[in-house]
Amino acid sequence: MTPSERDLFFLPLGGTGEIGMNMNLYGHDGQWLMVDCGVTFPRPGRVVADGSVHQAGEPDIQMADPDFIVRHRNQLAGLIITHAHEDHIGAVPYLWSKLRCPVYCTRFTAEVLKKKLVEHGLLHRVKIIVPETGERLQIGTFNVQWLALTHSVPDPNALMIRTPAGNIFHTGDWKLDPEPMVGHGYRQDTFTQLATEGVRAMVCDSTNATVNGHSASEGELYEGLRHYIETAPGRVIVTCFGSNIARLLTLSHVADDTGRYMGLYGRSMVTMFQCAKRAGVWPYSAGTVDTGHLGYLPRHEVLAVATGSQGEPRTALRRLAAGTHPDFDLEPGDRVIFSARAIPGNEEAIAGLIRQLESRGVEVITAEMAIKPIHASGHPAQQELETLYRWVQPQIAIPVHGEAVHMQAHAELAKACGVSRTLTGRNGDLFMLSNTPGIQRQKVQTGRLGWEKGKLVRVV
Ligand SMILES: [Zn+2]
Ligand SMILES: [Zn+2]
């Protein structure tokens with residue numbers, strides 16, 4: 001199945017019909033371009049995209065099976081990583097040896113990728129090309145331009161993929177955040193110019209397509225976070241996602257303004273913080289203290305930021321809740337703030353963690369109960385989707401990065417925005433975008449691989 005010079009193909013191997021393990025292919029004139037290569041963290045009992053149910057005992061780290069493109073590896077021009085979230089970047093160290101192609105990503109993402117490759121002994125084997133936002137590169141038969149958008153991680157990019165058979169606008173994960181706190185923002189004219197040029201298909205994030213309104217801006221959260229931090233009599237622990245550098249920056253401003261010292265707990269959070277500094281997206285020199293000092297400070301001077309908002313085991317937050325952390329013991333008057341929402345499937349683990357914290361007399365504030373926003377989603381709600389469709393005006397809308405219900409809502413919204421054609425499919429479907437558009441269902445066999453005891457295994 002080699003694309004001809006008249007063909008323009010989209011072939012998702014992962015991430016379409018599910019949220020997680022994104023792996024997309026674009027095909028034209030004898031070549032393929034891969035966009036994103038991520039992992040998923042399935043939980044027992046959870047239904048995954050192919051309709052099967054995740055079984056206990058399966059590997060914790062899973063990714064899309066790249067078998068199709070491995071068999072056509074000589075046609076693979078390159079791999080682009082749109083941003084540094086695990087569902088987009090996480091599988092590169094596990095799968096690169098099968099793909100062996102150059103990897104393209106912007107600076108912050110490149111720092112995160114390098115860290116992963118070092119851990120797998122691959123750093124000097126992988127050619128990483130770091131374009132500037134706005135730049136255009138020719139990757140085989142594809143002319144790719146990196147376009148600045150905003151999301152909940154620094155340096156996210158949308159892609160304009162130009163071919164003689166048509167142009168594809170691939171959004172990656174995005175929101176419209178007028179005050180993103182770190183990194184580049186976005187500009188409306190970037191996207192209205194695409195409409196002038198002509199966009200055949202827009203492949204777009206569906207995560208929040210069922211949500212009304214507009215996502216909150218990172219810049220709006222200072223007030224709510226400050227309120228809950230400055231009114232706490234004792235220590236404050238804020239839990240959020242480690243990759244949300246904007247949130248860390250807001251918290252560091254709040255720490256400064258309320259006379260607290262900020263320390264970071266969690267390996268992934270510390271890694272992301274270091275990557276942000278190296279990539280030049282952390283504008284602050286004196287932001288944090290060594291967590292070893294926190295136990296010696298007066299309680300009202302402590303602001304600890306920790307991973308573990310999803311109730312994961314073996315995190316600092318879990319140990320603090322259990323009273324087994326070496327740095328300090330939580331006491332009545334201390335406060336734990338959840339600056340994150342529950343990922344579906346984690347509600348029970350989070351509820352257990354909250355019960356454990358409350359049993360120590362700790363006050364818990366969640367994003368759901370807060371009277372001012374203390375968390376912002378990184379994905380576009382309906383108003384933002386409408387705005388981007390109005391700006392870009394694609395001929396075809398292709399919802400991805402969602403379960404069936406999200407993609408269906410997204411397709412209906414695109415139609416209401418005047419997009420004449422929507423194509424909704426799932427992993428393994430071949431989307432034909434030139435001439436008469438359509439989908440060949442299940443054209444390619446897809447599946448999942450797991451990482452177990454240092455090697456890849458097929459997950460059935
Ligand atoms: Zn993301
Ligand atoms: Zn994502």
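Since the model is predicted, local features are given only at pLDDT of at least 70 and side-chain atom pairs only at pLDDT 80 or more, while totals for chains, interfaces and linings use all residues. Residues are numbered from 1 along each chain as its sequence is written, chains are lettered from A and ligands numbered from 1 in the order in which they are written, and side-chain values use heavy atoms, with hydrogens and water left out.

The metal sites come first. Four residues hold the zinc ion (ligand 1): H83 (NE2), H85 (ND1), H151 (NE2) and D173 (OD), at 2.1 to 2.4 Å. Donors here are N, O and S atoms within 2.8 Å of the metal (3.2 Å for Na, K and Ca), and since water is not among the atoms, sites may look incomplete. The angles among the four donor atoms run from 91 to 163°, and the site counts as irregular. Along the chain, the donors of the zinc ion (ligand 1) are spaced H-x1-H-x65-H-x21-D. H83 sits in the loop between β6 (76-80) and α2 (86-89), and H151 in the loop between β10 (142-148) and β11 (157-163), so this pair ties together parts 68 residues apart in sequence. Helices (H or I, at least four residues) and strands (E, at least two) are DSSP runs, numbered from the N terminus. Both H83 and H151 are buried, where buried means under 20% relative accessible area, exposed over 50%, and partly exposed in between (1.4 Å probe, protein chains only).

D173 lies in the loop between β12 (166-170) and α5 (188-197) and H401 in the loop between β19 (396-400) and α12 (404-416), a pair 228 residues apart that links distant parts of the chain. H401 is buried, with a relative accessible area of 3%; D173 is buried as well. H401 also has a positive phi of about 50° although it is not a glycine. Most residues other than glycine have a negative phi.

Which elements do the buried residues of helix α11 pack against? They pack against β12, α5, β13, β19 and α12. In this helix (residues 382-392), the buried set is E384, L385, T387, L388, Y389, W391 and V392. Just after α11 comes Q393, with a positive phi of about 45°. Q393 belongs to the loop between α11 and β19 and is exposed, at a relative accessible area of 53%.

Two other loop residues are worth a look. N208, in the loop between β13 and α6 (221-230), is buried, with a relative accessible area of 15%. Leaving aside residues up to four places away in sequence, N208 touches S377, H379, P380, A381 and Q382, a contact being heavy atoms within 4.5 Å. T446, in the loop between β22 (438-440) and β23 (448-452), is partly exposed, at 27% relative accessible area.

Finally, the cavities. A search of the whole structure turns up two of 30 Å³ or more. A cavity is a set of points, on a 1 Å grid over the protein atoms alone, where a 1.4 Å probe fits but cannot get out, and lining residues have an atom within 4 Å of a point. Volume is the space filled by probe spheres set on the points, which are joined across faces, edges and corners. The largest cavity holds about 90 Å³ and is lined by 16 residues, with N22, N24, H170, V400 and H401 nearest its centre. Strand β13 (residues 201-205) gives the most to this lining, with three residues. The second largest cavity holds about 70 Å³, and its 15 lining residues include H151, V153, P154, P180 and V182, which lie nearest its centre.

Notes. On a 1 Å grid over the protein atoms alone, a cavity is a set of points where a 1.4 Å probe fits but cannot get out, and a pocket is an open set with protein on both sides within 12 Å along at least five of seven lines; lining residues have an atom within 4 Å of a point. Four donors count as tetrahedral if all angles lie between 85 and 135 degrees; four count as square planar and six as octahedral if opposite donors are over 155 degrees apart and all others between 65 and 115; anything else is irregular.
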